[in-house]
Amino acid sequence: MTTTTMLHRPRAALALEWRVQLRLRVPLLAAGLAALWAGAAALLPADLARPFASLILFLDTAGFGVLFAVFLLLGERTSGAWAALRVSPLGTGEYVAARLTVLTLLSIASTVPIALAARPAMPVAGVAAAAAGTALLTVLLCALSLAACARAHSLSDVVAAVPVALGPLLVPALVVASGLAERPLLYAAPTSAAHALVLWGLDPAAAPLSGATVAALAGYAAACAAGACALARWALARASTLETPDRRTRRRPHPTRTKLWPTASPLRTLARIDLIGAARDPMTWALLAGPALTALGLRYGLPLLDDAPVIIRTGLDLDRLHPVLLAALVLLHLPLMVGGMVALRTAEDREQGAVTLLSTSPLGIGRYLAYRAATAAALTAIGLAAALPLSGLADGPAWRLTGAALLATTLAPAFVLIVAGAAANRVRALALAKVAGALFTLVPVAAWTLGPTWAWALAPLPPLWPVAALPGYAMAPAAITLPAGALAALVLTAALWRWARNAVDESR
């Protein structure tokens with residue numbers, strides 16, 4: 001093999017990866033989220049903007065590519081592109097390098113405006129350090145997610161693999177990024193070591209480490225990132241070797257012990273098919289455990305934060321912020337989580353051709369979409385019924401909290417229908433979920449900041465409706481917010497169902 005060929009292949013792989021992500025509008029999404037978070041940071045005082053930017057750079061910017069890297073792989077398996085790559089001159093190492101390079105460059109470009117908006121003590125060196133730390137985090141997390149999902153074929157496989165692979169690394173880094181603790185042992189995790197560079201760049205005084213220690217931790221994180229890249233290359237190469245045509249066609253059929261009578265209604269048949277595999281589906285357990293873990297974390301975790309370094313340094317009054325925490329982390333978070341899971345499953349059905357088959361069945365597109373939307377609404381209602389009292393933040397009349405929860409429940413089916421109509425694959429569905437995540441997080445914060453009067457400027461945004469019904473926001477009497485919100489939700493859901501049905505029909 002000539003030197004020219006060896007140099008041409010990585011460039012070709014990089015150009016191909018950029019075209020694929022550009023076609024799926026991944027760079028556009030990264031730019032939009034960066035502008036949104038930078039604007040939010042710019043509105044905060046400097047002592048709050050820096051910890052906020054530190055947390056966002058970890059949770060959103062560095063983690064931006066984790067699921068995109070995996071969902072692109074799943075899409076290539078569905079379309080047959082992965083099989084073509086296996087027999088092409090492109091090596092596994094070049095494939096991994098191209099994907100990680102594009103996602104890392106996007107994270108670096110997103111870091112710059114967010115870090116500048118946080119007003120670091122050293123504008124040039126601080127932004128460069130934050131970008132370098134975010135790049136290390138991106139490479140580490142994306143490479144590990146690719147390694148964990150090297151043999152994944154469905155969304156359920158991803159839900160089972162990614163939390164196990166990344167969870168032990170994310171928890172200590174999240175504690176460091178949020179400024180809740182400053183124990184040296186936390187920096188043993190390579191994610192915490194990489195984020196130390198981000199902390200130091202944004203605010204050296206807030207980082208409990210010397211410059212030499214930060215440099216040593218950055219070197220340690222870089223070595224771990226290189227090891228993660230090697231692991232991803234090995235895992236994908238091994239999956240490619242094991243994934244022979246015979247093995248792929250010999251996958252065991254979905255076990256079923258329930259006879260599906262020909263006279264059964266299509267909806268009952270679809271529901272029984274979903275229920276048969278629910279006990280073995282990791283998504284089921286995620287949807288069951290998520291609300292309880294979130295609520296219990298707030299109930300028992302918030303009292304422990306009074307002595308956290310970031311709380312002492314910024315002087316935040318957490319008791320005063322209980323309505324905001326309830327709205328952002330429980331009332332709106334659960335519809336987003338449940339709606340996102342069901343929406344991704346709907347996009348997976350559409351990408352794999354199942355929706356096309358259903359359109360020619362007695363079920364039809366309309367009833368299929370109604371079933372998915374109703375499933376999301378039911379799961380959200382159950383989750384909120386458990387999470388609101390468990391959180392310990394739900395103060396006020398029970399009937400008003402119930403009304404707010406019912407309005408929040410309508411957000412899940414609305415999001416499912418938006419994704420069903422707009423996203424023909426899992427990557428675009430994930431992009432919409434990222435946008436919704438930012439919107440559902442910022443709306444309750446903006447409403448609290450603007451006050452009861454000016455917050456109504458956000459009324460065109462559906463997440464405001466359940467927030468306005470919460471007692472802690474006092475935006476309007478419940479006799480106004482609850483009926484108006486219910487009517488708006490009903491009209492919106494009906495319109496979205498009709499639009500999604502037509503959009504899916506036209507795309508066939």
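Me: Hi! Where does D395 sit in this one?
Reply: Hello! This is a predicted model, and in it D395 lies in the loop between helix 18 and helix 19, the latter covering 398-409.

Me: Is D395 buried or exposed there?
Reply: D395 counts as exposed, because its relative accessibility is 52% and the cut-off for exposed is over 50%.

Me: And what does D395 touch, leaving out residues up to four places away in sequence?
Reply: With those left out, D395 touches L401 and P471.

Me: How far apart are the C-alpha atoms of D395 and P471?
Reply: They are separated by 7.6 Å, although D395 and P471 are 76 residues apart along the chain.

Me: Let's go to S391. Which helix is that in?
Reply: S391 is in helix 18, which runs over residues 364-391.

Me: Buried or exposed, that S391?
Reply: S391 counts as buried, because its relative accessibility is 1%; buried means under 20%.

Me: What does S391 touch, if I skip residues up to four places away in sequence?
Reply: Skipping those, S391 touches A295, L298, R299, L326 and V330.

Me: New topic: how many aromatic pairs are there?
Reply: The count comes to three aromatic pairs. One of them is formed by F64 and F68, and that pair is tilted.

Me: What are the numbers for F64 and F68?
Reply: The rings of F64 and F68 are 4.9 Å apart centre to centre, with 35° between the planes.

Me: Why are F64 and F68 separated by about one helical turn?
Reply: Because they are four residues apart in helix 4, which covers residues 64-79.

Me: Are those two buried or exposed?
Reply: Both F64 and F68 are buried.

Me: OK, zooming out. How many helices and strands does the protein have?
Reply: The protein has 23 helices and zero strands.

Me: What about its overall dimensions?
Reply: Along the principal axes, the C-alpha trace spans about 65 × 60 × 35 Å. The radius of gyration is 24 Å, which agrees with the value near 23 Å that a compact globule of 508 residues would have.

Me: How much of it is buried?
Reply: Buried residues make up 49% of the 508 residues.

Me: Last one: what about the charges?
Reply: The protein has 38 positive and 22 negative charges, and the mean positions of the two groups are 10 Å apart.

Technical notes
Residues numbered from 1 in each chain as written. Predicted model: local features only at pLDDT ≥ 70, side-chain atom pairs only at ≥ 80, totals over all residues. Heavy atoms only, no water. Helix = DSSP H or I, 4+ residues; strand = E, 2+ residues; numbered from the N terminus. Rg over C-alpha atoms; globule rule 2.2 N^0.38 Å. Buried < 20%, exposed > 50% of the residue type's maximum accessible area, 1.4 Å probe, protein only. Lys, Arg positive; Asp, Glu negative; His and termini not counted. Charge placed at Lys NZ, Arg CZ, Asp CG, Glu CD. Contact = heavy atoms within 4.5 Å. Phe/Tyr/Trp six-rings, centres within 6.5 Å; stacked < 30°, edge-to-face > 60°.
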